[in-house]
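My entries follow the display.

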Amino acid sequence: MALFTGRLRLAELLASLSLATDLATGTPLGHGLRTCLLAVRVAGEMGLGPEQVRSVHQVSLLRFLGCTGEVSELARVVGGDELSFNFAMAHVLNGDPVESLKATVRAVGPGKPPLRKAALLLGALSDRDGATRTLSAHCEVAAMLASRLGLGEPVIGALQHAYERWDGKGLPNGTAGEAIPLEIRISSVARDIDLAVHGNRDPMVLLNQRRGKAYDPRVVDAFDGIRHHWSGEADWEELLESEPDPVSQVDDLDHALTVLADFVDLKSPWTRGHSRRVADLAKTAAHQAGLGLEGANRLHRAGLVHDLGRVGVENGIWDKPGPLSVDEWEKVMLHPYLTDRVLSRCPALQPLGELASRHHERLDGSGYHRQVGADHLSVGDNILAAADTLVALTSDRPHRGAVSLDGAVEAMRDDRDAGRLDSDAVAWVVAAAGGELERPAPRNPDGLTDREVEVLRLIAREHTNRRIAERLYISPKTVGRHVENIYSKIGVSTRAGASVYAMEHRLVG
């Protein structure tokens, strides 16, 4: 992969990821940035050294990096809108279990019976196993992605305890007291304070109620010492200045952006590997178009992040097997705008966001979200649009099966003839797709057998063991043995972790 020759601080990349996790958890943009600033200030109040402050800084930005794992299942449980449910739960996650249950039922409201039912289920003791599985997946995914970003072991280790409580009543392991990494003990309080302040609630009530329960008393006392900072805003420059010296730079932007790609594509079993395929196809087509190495690399990077805004739209829409309503289509058409919003905060990534967010624009102005026409679209814009179209058509979707390459080419030529897709861009992308098909199949990684790769692909599509057995004409017991062997070989313990591994090694898509 080509080295990134510009200057992008690691903190800027992590802050952009934080904005994406805001969208994915249903919280307003900037919440994660404010949480980080509060956490770093309290770390200073506690007298922590520069390296531990750096860990606090990174953990606070990335605490919810695994939030796209298992989200399809959650959406099914809560009636499709997991974003509203996550936001309702955020306010009460660290509260008393009974009071949390009552508050969540009130928050989701009587007008949303599926959400009300889900609140009851998740609040009941009988559902603790389900919550443990979900949050275990979140923690494993966060640790895997953080490792790929090259972050230190203190950060990776802390992310594996993201939902633990001081009193041992947290998840996924019931870890208690000082066995919980200090970075998590600080960031969990910082998050709750910010939610309270911007939700017009009294943070002191939370601190007093949860001191010695969900919260480390020493951390609570330190937050009381920085009370005058509680209502601050999410200033980008201030966030960068809060990182201890020496600051870290991103050396390989392409590698780093694959983390964002996999974070997004993990959200739905129907899109796993999508962004990588679009990026590769766009890059190859760019070379054929004569855009040179710089132009091809730029399109590859835009392809990796073009769907970043997808995380801000609920899975009940992305995974819906039938036609979308008008309101649902309005939300779908927002996702390129959300991509631009996330990347526009970072000056180094802003130009990339502008290109990435135009992948649904069309020559005749019928696209979205800007609805601009041919005069406002570059060669790169047209290539990215064609690449995204071809990959989507040749992939399974909840409302249809994958179209063959020939069928996709015919559909794209119809769009070309109707004045929606650029003729040259279609030709370059189709030629690039033909070249992709001619490549030899990669060797199986980590000693996986061909059968285990088949099972892993179906795991990444969220098939149950029984469904995998039906697809492969083997018994569920045999599938179970394959799953155990796969987990052992690739070093994961959850299906979400296995899905991340499958995307990283290009075994899906």
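I counted a disulfide as a pair of cysteine sulfur atoms within 2.5 Å. This is a predicted model, where local features need pLDDT of at least 70 and side-chain atom pairs count only at pLDDT 80 or more, while totals for chains, interfaces and linings use all residues. Residues are numbered from 1 along each chain as its sequence is written, and side-chain values use heavy atoms, with hydrogens and water left out.

**Cysteines.** I found 0 disulfides. C67 is in none, and its nearest cysteine sulfur, that of C139, is 12 Å away. I looked up burial too (buried means under 20% relative accessible area, with a 1.4 Å probe and protein chains only). C67 is buried at 7%, and C139 is buried at 3%.

**Helix α14.** Helices here are DSSP runs of H or I, at least four residues, numbered from the N terminus. Among the buried ones are L253, F263 and D265. At the N-terminal end, D252 caps α14, with a side-chain oxygen 3.3 Å from the backbone nitrogen of D254.

Note on methods
Buried < 20%, exposed > 50% of the residue type's maximum accessible area, 1.4 Å probe, protein only. Helix = DSSP H or I, 4+ residues; strand = E, 2+ residues; numbered from the N terminus. Polar contact = N/O pair within 3.5 Å; in protein donor to acceptor, adjacent residues only side chain to side chain.
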